[in-house]
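Subject: Structure for your review

Dear colleague,

Please find below the structure I am handing over to you.

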Amino acid sequence: MPMSLKGRSLLTLKDFSSEEIRYLLQLSLDLKAKKRAGIRGDLLAGRNIVLLFDKPSTRTRCAFEVAVYDEGGQVTFLTNSQMGKKESLEDTAIVLGRFYDGIEYRGSGQQIVRDLAKFSGVPVWNGLTDDYHPTQLLADIMTLMENITKPLNQAKLAFVGDARNNVANSLLIGCAKLGLDFAAVAPQSLFPDEKLVEEMTEVCRETGGTILLTEDIGEGVLGADAIYTDVWVSMGEESQFAERIALLKKYQVNMDLIRQTKNPETIFLHCLPSFHDRNTEIGEMIYQQYGLAEMEVTDEVFRSRHSKVFDEAENRMHTIKAVMCATLAL
């Protein structure tokens with residue numbers, strides 16, 4: 001049954017019920033089928049969207065722009081605003097709310113998206129903050145749905161690596177809300193925040209999901225339908241490469257780890273970009289300084305039949321489109 005999310009902001013999926021998340025995922029699948037059929041939409045016709053970026057991006061910017069254009073809307077990409085410099089966040093939010101029907105924000109503080117939503121009077125969508133990455137989570141779960149035959153509440157996802165970052169936080173929330181088994185496979189110092197784990201454990205009591213925190217790779221990945229990893233050092237933490245490599249080197253996703261799932265159909269997911277080879281400036285720098293030609297995932301896994309990373313990247317566009325259409329038009 002269709003439901004109304006009109007006027008809602010997407011700041012974190014903690015604010016959405018299991019049924020609302022399922023609705024957004026089904027809408028994403030429907031909009032993907034519509035695009036594949038070559039049908040141009042008009043759900044965002046007459047709508048103006050501003051993309052406010054304080055952190056660089058490839059997929060998030062392009063996904064938002066194409067999604068808006070596909071449904072007949074207009075986009076402004078804004079990277080040089082005076083927000084917080086010569087104009088307060090409150091004043092900026094009010095002005096943008098007068099000009100635009102919706103605001104996307106990508107940057108550091110979660111409080112920034114909260115305040116944009118508070119003062120702008122229009123839906124605000126979190127394109128990434130240090131705490132959460134909700135549109136990425138929707139694309140991740142959509143990709144899982146497309147590649148497994150069992151119901152989501154019978155599936156297991158294992159996140160391997162830095163399990164306290166924004167992507168891992170969002171995966172923990174999404175898995176709990178949808179009843180999946182979630183495993184954070186990481187050094188104890190990089191386990192998810194205790195408060196978030198406690199909160200999502202309560203959610204699991206209603207949905208049937210489970211949460212496992214473990215340093216044991218074999219235990220954590222056993223039976224996983226999806227193995228997920230992310231870069232070992234997030235934006236703004238580049239000074240921590242040596243420390244993170246020492247902590248996470250044994251948690252690299254390689255074919256031996258894939259085999260430890262005991263599931264020949266397990267898929268590999270990554271939010272991208274990925275340091276799976278030396279074909280980037282940072283990848284070459286890491287090789288020269290630390291002797292690692294591959295970091296969080298090997299090139300063999302990244303290019304294997306298990307890897308669904310480019311399907312996942314495409315699905316960012318479809319899930320972002322679903323969020324905007326659901327909160328502005330449907």
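In what follows, two residues are said to touch when heavy atoms of theirs lie within 4.5 Å. Please note also that this is a predicted model.

I begin with Thr 143, a residue of helix H5, which covers residues 134–147. Leaving aside residues up to four places away in sequence, Thr 143 touches Ile 267, Leu 269, Lys 308, Asp 311, Glu 312 and Asn 315. Its relative accessible area is 0%, and since buried means under 20%, Thr 143 is classed as buried. A polar atom of the Thr 143 side chain lies 2.7 Å from the backbone oxygen of Ala 139.

Five strands make up an open sheet with parallel pairing, and their order is E7-E6-E5-E8-E9. Strands E7 (210–214) and E9 (267–270) are at the edges; each has a single partner strand, so one side of each has no neighbour in the sheet. From one strand to the next, the twist averages 20°.

Within this sheet, strand E5 (residues 156–160) is paired with strand E8 (residues 226–229) in the parallel sense, over three bridges. Phe 159 has Tyr 228 in E8 as its bridge partner. E6 and E7 also run parallel and are joined by five bridges, and Asp 181 is found opposite Thr 210 in E7. Together with helix H7 (residues 194–207), E6 and E7 make a β-α-β unit that is right-handed.

Two helices lie across strands of the sheet. Helix H6 (residues 166–178) lies across E5, strand E6 (181–185), E7 and E8, and runs at about 165° to E5. Helix H13 (residues 309–328) lies across E8 and E9, at about 50° to E9.

Finally, I would draw your attention to Lys 55. Where is Lys 55 placed? Lys 55 belongs to the loop between strand E1 (48–53) and helix H2 (59–70). Lys 55 is buried, with a relative accessible area of 12%. The side chain of Lys 55 makes a polar contact of 2.8 Å with the side chain of Asp 130.

Yours sincerely

Notes
Residues numbered from 1 in each chain as written. Predicted model: local features only at pLDDT ≥ 70, side-chain atom pairs only at ≥ 80, totals over all residues. Heavy atoms only, no water. Pairing = 2+ DSSP bridges. Helix = DSSP H or I, 4+ residues; strand = E, 2+ residues; numbered from the N terminus. Axes fitted to C-alpha atoms, helices over the stretch in contact; angles between N-to-C directions. Right-handed = clockwise from strand over helix to strand, strands pointing away. Buried < 20%, exposed > 50% of the residue type's maximum accessible area, 1.4 Å probe, protein only. Polar contact = N/O pair within 3.5 Å; in protein donor to acceptor, adjacent residues only side chain to side chain.
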